[in-house]
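Below is a short note for a colleague who has not seen this structure before. The points begin with the contact between the chains and end with the single chain.

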Protein chains: 2
Amino acid sequence: MKPSIPKGTRDFTPSEVNFRDFVKGKIKSNFELFGFEPIETPSFEKLEVIADKHVNDGEQLIFKILSNGEKLSKADLSSLQKQNYSEFANSISEKALRYDLTVPFSRYVVQHQNEITFPFKRYQIQTVWRADRPQYGRFQEFLQCDADIIGSNSLWQEIELCMLYDLIINDLALKGVCLRINNRKILYGFAKLLGFENRFNDFTIILDKLDKINIDGVTKELKKQNFSKDKIQIIKEFILLEGTNKFKLEKIRKAFKDSKISLDGIDEQNFIIKNLEESGGFESIDLKFDLSLARGLTYYTGTIFELTLPNFPEIGSIGGGGRYDNLTENFGKKNLSGVGISVGFERVLMVLQKFKLFPKDVNNSVQVLIANFGSKTALICNSILKELRAKGVKSEFYPDDSKLKKQLSYANSKKIEYVVLLGDVELQNKEFVLKNMYDGSQANFKISQLESVILSKLKKFN
Amino acid sequence: MKPSIPKGTRDFTPSEVNFRDFVKGKIKSNFELFGFEPIETPSFEKLEVIADKHVNDGEQLIFKILSNGEKLSKADLSSLQKQNYSEFANSISEKALRYDLTVPFSRYVVQHQNEITFPFKRYQIQTVWRADRPQYGRFQEFLQCDADIIGSNSLWQEIELCMLYDLIINDLALKGVCLRINNRKILYGFAKLLGFENRFNDFTIILDKLDKINIDGVTKELKKQNFSKDKIQIIKEFILLEGTNKFKLEKIRKAFKDSKISLDGIDEQNFIIKNLEESGGFESIDLKFDLSLARGLTYYTGTIFELTLPNFPEIGSIGGGGRYDNLTENFGKKNLSGVGISVGFERVLMVLQKFKLFPKDVNNSVQVLIANFGSKTALICNSILKELRAKGVKSEFYPDDSKLKKQLSYANSKKIEYVVLLGDVELQNKEFVLKNMYDGSQANFKISQLESVILSKLKKFN
């Protein structure tokens with residue numbers, strides 16, 4: 001059998017794991033800096049939880065887990081015959097891998113509501129799975145990083161989340177990131193003013209495509225879906241609006257003044273943008289009110305966010321989120337408003353790689369290799385190893401007395417900085433040779449000084 | 001719908017995640033101290049990889065993933081009719097969740113053999129899934145922590161792994177841990193001497209039960225399986241052998257002197273035990289050569305390890321491992337000897353909880369809450385927040401101007417040490433009140449001194 005892995009999945013080598021852990025660590029520490037606490041939920045949930053109606057993209061992207069043994073006798077063969085594969089699958093499956101972190105989070109909140117003090121600020125960094133067609137930047141298994149606050153409708157939360165995005169981006173040294181912000185209330189009022197509030201979802205789904213198919217594509221789609229010519233003209237005018245955030249909001253306020261819900265949305269946007277500016281603005285990101293931002297997911301009810309890189313549009317958004325008022329309703333808990341953001345971990349990694357922003361100090365290598373010169377010196381090498389480790393030095397003893405060349409090439413491949421050479425001759429002289437693999441230099445020292453010599457050489461102790 | 005999770009799975013609250021991360025961090029840092037590097041493999045593998053013959057416990061413990069859409073039309077209905085559920089499942093499933101980390105590791109090694117420099121020292125800390133009946137200490141989803149070296153048959157590796165176990169246990173402050181060690185070669189020679197080498201597997205499976213069913217149970221089982229009375233007597237004599245490691249090894253060497261393979265195993269044990277003793281012994285664990293240790297898994301060919309807590313036998317083993325010579329053979333790569341250990345993460349957690357060894361300094365709480373007194377002071381509170389965070393202080397602003405009692409109770413529930421009170425009166429006096437939630441004390445300070453006052457109070461900066 002020639003070994004391979006399923007399409008859309010990945011093996012991670014040591015340097016890849018270290019890179020991923022580095023980025024994960026940055027996101028995690030900023031989540032915690034802002035007062036979010038971690039939770040973890042099971043990889044699979046009951047099928048009825050995962051197949052939540054909120055999930056737009058639909059059931060076909062869910063990985064279902066096959067029931068075991070006799071439970072398979074319940075297979076609904078009539079569905080199979082009718083080629084109703086979804087019904088058939090549901091007859092032999094009771095659980096499914098999580099598709100996102102939002103549904104498990106709302107299930108968690110309702111299930112644990114009596115232990116939770118609200119507002120509940122949680123973050124969750126876990127894997128999700130989607131039976132999606134694998135393509136550039138899209139995998140069947142990937143990491144999601146979400147932070148949400150549930151149980152308060154204060155707009156200071158939206159402000160917090162913008163500042164959080166800013167510090168994460170700043171910490172990762174990413175440049176040219178734009179935080180687009182809008183409010184579903186403004187959009188809903190807009191649709192109402194144009195008389196198609198009953199087609200609000202179609203409208204937002206088309207708007208969302210602006211980045212990908214540009215304005216001509218959007219116009220074509222709107223036509224195809226029978227939006228009238230004059231209304232398309234109005235839509236174009238507003239979604240292409242340029243200028244400062246203040247200018248755009250003022251302009252929209254005047255035009256939408258007959259829609260109470262739009263005005264509410266505009267007031268919210270104003271509050272957020274004004275307070276962010278007065279708190280001193282951002283370190284790294286550029287905040288842009290953008291009426292064309294719609295966010296496909298139907299559960300958003302207020303502010304919506306999206307993080308993009310205008311100079312790297314192929315990558316799509318690298319984060320997004322928003323306010324939702326009814327997320328836990330499906331699980332029987334009403335009137336719990338929440339707001340949250342997600343960091344597109346895999347895409348952020350791709351951006352860091354593209355712009356070579358992988359910092360050099362993520363070197364997590366072994367620091368010292370003790371070469372193996374056979375049985376006479378093995379025991380003393382082992383004692384040295386013990387001492388080095390007691391001082392926190394990452395070190396290892398080459399297991400076999402292979403040719404030195406092979407041992408040094410092993411050190412090279414693992415990017416080990418120092419090799420200790422202690423053969424029979426050195427032992428007689430109570431000495432050892434310390435070889436620096438980075439610059440090739442080497443020098444003799446007394447064995448009794450080994451620990452202090454190495455500690456003083458290693459950067460982390462300088 | 002009343003929300004719940006599948007049996008055998010768990011939600012983890014913030015304090016549970018912090019506890020798990022703390023223990024995971026200890027294991028990880030010791031793995032790295034010993035020169036192991038991390039890899040990660042996909043959660044699911046192709047079915048033919050997971051259903052590897054090495055896995056004893058069998059197919060029924062594997063979670064298979066249902067294929068999507070039209071692939072279900074391939075359902076093998078004749079198997080279903082014959083109640084051959086396994087065949088039926090295989091006709092509509094192409095992949096399965098990983099059952100352990102050993103099979104993915106061997107698949108990884110063979111697949112990436114041209115990029116790997118051997119000996120390859122890898123660790124892997126990832127979730128595994130088993131469709132096992134949930135019971136005390138046994139879950140359907142749990143974390144595994146493995147460290148293996150593959151590509152060298154040096155016994156110094158076994159010595160390294162014993163020292164690694166010792167430092168992990170020491171770091172976790174666990175007392176009374178016993179590292180049982182044996183060698184499958186000695187056992188195989190023993191079986192051969194008794195004339196039942198063709199029943200070696202039955203023999204080891206029964207031996208393995210000694211901890212659970214004690215010597216009478218083992219005797220009964222051996223009888224039931226038609227081992228003869230006099231041979232059972234010999235088996236009993238040797239597996240109950242007491243005394244120092246040296247004494248037991250000497251006694252067995254004499255008795256087994258006609259078995260070349262046993263003598264090889266005894267030499268290996270001697271080498272390991274002698275060198276460990278001469279390197280200064282252990283910090284925390286007690287090393288015990290134990291002929292009754294067998295380890296069920298058939299892939300072990302040399303040294304075998306098991307970590308137990310004699311004063312907490314209900315918990316079973318908290319770690320185990322051994323030497324295997326043919327693990328990658330199934331994937332087409334022969335003659336690659338490896339040796340590895342596993343730390344029983346979930347059981348270690350249970351032990352730490354039982355003996356209340358959860359260290360106090362795992363406190364990962366938010367450090368400062370800024371109370372909310374409404375719109376007049378909100379903006380200045382937000383600026384303060386920004387400054388504190390710039391200094392690395394985990395802090396948050398209460399989102400609503402609720403009653404102070406509610407805000408303080410929120411701080412209490414999140415174990416936040418300090419609350420900053422800055423209302424209209426304080427603002428007029430350019431002051432703030434700092435309340436210590438741990439001892440109830442409070443004092444007034446100038447706003448201009450806020451940052452330095454808080455930094456000097458917080459323990460982490462003392």
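1. Eight salt bridges cross the interface of chain A and chain B, a salt bridge being a side-chain nitrogen of Lys or Arg within 4 Å of a carboxyl oxygen of Asp or Glu. One of the salt bridges in the model joins Arg389(A) to Glu160(B), at 2.8 Å from N to O.

2. The side of chain A that touches chain B draws its largest share, seven residues, from helix H1 (residues 14-33) of chain A; helices are DSSP runs (H or I) of at least four residues, and strands are E runs of at least two.

3. The model is predicted: local features need pLDDT of at least 70, side-chain atom pairs need 80 or more, and totals for chains, interfaces and linings use all residues. Residues are numbered from 1 along each chain as written, chains are lettered from A in the order written, and side-chain values use heavy atoms, without hydrogens or water.

4. Chain A and chain B each bring 102 residues to the contact, meaning heavy atoms within 4.5 Å. About 9,000 Å² is buried between chain A and chain B, 60% of it from carbon and sulfur atoms; this is the accessible area (1.4 Å probe) lost on putting the two parts together, summed over both.

5. Chain A has 17 helices and 16 strands. The C-alpha trace of chain A spans about 95 × 65 × 45 Å along its principal axes.

6. Chain A is assigned domain 1 (14-62 + 99-354) and domain 2 (368-461), with bounds from an automatic or database assignment. The C-alpha centres of domain 1 and domain 2 of chain A are 53 Å apart.
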